[in-house]
Amino acid sequence: MKIFLQEINSDYEGFSRLIQLAAQTAGCYFDDVEIDMSQTGWIDANMCAPLGAILYKIGRDINSIQLTHVQPNVEAILSKNGFLCNYGWSRKKDTHGSTIEYKRFEPKDDRYFADYIETQMIGNGIPEMSPGLLKKFRESIYEIFSNSVIHSRTMLGIFSCGQYFHKKHRLDFSVVDLGIGICTNVHDRRGLVLSAEEAISWALEGKNTTKLGPIPGGLGLKLLREFIIENDGRIQIVSENGYWELSEGQVNTRAFPEPFPGTIVNIEINTADSKSYRLVSEIRSEDIF
Amino acid sequence: MNGQIVIMVFEVVGSGICVSSDDGQKVHDRIAAALRENIRIIISFQNVESLTSAFLNAAIGQLYGEFSEVLIRAGVSVVEMEQEDLALLKRVVEMAKEYFRDPERFKKACDDALEASDAD
C-alpha cells in the first residue's frame, strides 16, 4: 500500500490528514506500507506525536513501514527531534535548541516521562521562560500525561513531541494516546449521549469528570484550560471525531468525518509571558481540609 | 488522637516530581494507615518541585471516600507547601468532597476500602 502524505500543520486540516492516514491503514495487516512524502512540504514538528502514534499502530499490526521521498527541510527537522530514527535515519544534532524530542512512553513510564521533560526543558536550554511560567508549563504537561494514562487506559503507549519557535516566542507540545476517547468515556461512564466535540467541551467544564472508583478526578484539563487562557496560548484537542480548540480566549469546535483512534492534546504556550503566576490572596494551610 | 507522625512526600516518592497517581497512592496508603490507628499526620512537601491534581487526588482526595471530613480536618495537616500548591490542594479537596457526595461513588469507595483492609 502506498499513501501520499500532504503538508501537516497544527490545525484542523493537519489533524484531518493524519486521521485519513489512520483510516486508510486501519485494515492493513502483514503489508508493506509506504508513506510517500514527496508532497509533504512541511510538518510542524510537534505533529510527529500524532503521526508517530498512527505509524506505531500500523507497525503493531505487523506491517513494515517505509517513509520515502522525505523533503530536505522536513528531513532536517525530523532528524533533529529523533522522529526519523524510528524509520532508518540517523540522528542530527539540534544546534538551535529548538526541538523537544519525539518519544513514546509506556503508561507506567511516568518517571521516565518526568525525566524527559526535566531534561528537555532545563537541560536542553529551551525555552527562555520566567520561573513561574516554566513551573506552570511543566505541571500542565504532567497533567496531560496523567490524564491520558488514567482516562484512555491505553495499552499502546503515550507519544509526545514539541517544538520551540524562538522568533514567535511560542512553544508547541503534543501528547497523544491510542486509548479510549473522551466521547466513549463520557458515554460509558456518565451515560451521556453527546457528539465527540460536545463530549470534549463537557470534559473541560465545571466539575465534570468521567472518573469512577475510589480516586476522584476531573481537575487536570480544567487547570490546563485556565493556564492557557491566562498565558494567551492555545489548546487543541482531538478525540475520536471531535475537534476542540481554544485560542485567543475563544473556543471553536468541529467534527471530523472519521475518528482519530485515541486522543491528541496539543498546547501552544506564549513563552514571552512574564506573569509571575503567584496568587494574589494568601491561602492558609489550616483552611485546606 | 494517639500521637503524630510526619510523612515526607519527597522520601515516599523518592523525588521532588510528584506527578503520578501511583506515587500519590503510596502517600495515601501511609496517611490512611495512620488515620485508621487514630494517629495524627503531618504531611511535609519540603523539596517538592512539581505537583499535579492526579497525584494529590490519589494521595489526599481519596481520603474523603474513606474518612469523615471531621476526622481528616482533625488528623491531617500539611507543611512546607508553596502557596500555588496549597491552592491546587484546596481545589483537589473541594472536588473530592463534591465527588463523594455522589452516593454511588461513595459506596463504591467504601466497599473498595473495606476489601483492601480485609486483604491486609
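User: How many residues does the contact take from chain B and from chain A?

Analyst: Contact means heavy atoms within 4.5 Å. By that criterion, 49 residues of chain B and 37 residues of chain A take part. This is a predicted model, in which local features need pLDDT of at least 70 and side-chain atom pairs count only at pLDDT 80 or more, while totals for chains, interfaces and linings use all residues. Residues are numbered from 1 along each chain as its sequence is written, chains are lettered from A and ligands numbered from 1 in the order in which they are written, and side-chain values use heavy atoms, with hydrogens and water left out.

User: What area do chain B and chain A bury between them?

Analyst: Buried area is the accessible area (1.4 Å probe) that two parts lose on being put together, summed over both. Here the figure is about 3700 Å², with 56% of it on carbon and sulfur atoms.

User: How many salt bridges and polar contacts are counted between chain B and chain A?

Analyst: A salt bridge places a side-chain nitrogen of Lys or Arg within 4 Å of a carboxyl oxygen of Asp or Glu. A polar contact is a pair of N or O atoms within 3.5 Å; within protein, one must be able to donate a hydrogen and the other to accept it, and residues adjacent in sequence count only if both atoms are side-chain atoms. Between chain B and chain A there are five salt bridges. B:Arg91 and A:Glu226 meet through their side chains in a salt bridge, at 2.6 Å from N to O. Polar contact joins 17 residue pairs between chain B and chain A, both residues being at pLDDT 80 or more.

User: Which element gives the largest share of the side of chain B that touches chain A?

Analyst: Elements are DSSP runs numbered from the N terminus: helices (H or I) have at least four residues and strands (E) at least two. The largest share, 16 residues, comes from α5(B). By residue class, the side of chain B that touches chain A has 22 nonpolar, 11 polar and 16 charged residues. In this scheme Ala, Val, Leu, Ile, Met, Phe, Trp, Tyr, Cys and Pro are nonpolar, Asp, Glu, Lys and Arg are charged, and the others, Gly among them, are polar.

User: Why are B:Asp23 and B:Lys26 separated by about one helical turn?

Analyst: An α-helix has 3.6 residues a turn, so residues three or four places apart point the same way. B:Asp23 and B:Lys26 are three residues apart in helix α2 of chain B, and therefore about one helical turn apart. These two residues form a salt bridge with closest N and O atoms 2.9 Å apart.

User: Is B:Asp23 buried or exposed?

Analyst: Buried means under 20% relative accessible area, exposed over 50%, and partly exposed in between (1.4 Å probe, protein chains only). B:Asp23 is buried, with a relative accessible area of 4%, whereas B:Lys26 is partly exposed at 38%. In chain A, A:Asp273 is buried at 6% and forms a salt bridge with A:Lys275 at 3.5 Å between the closest N and O atoms; A:Lys275 is partly exposed at 35%.
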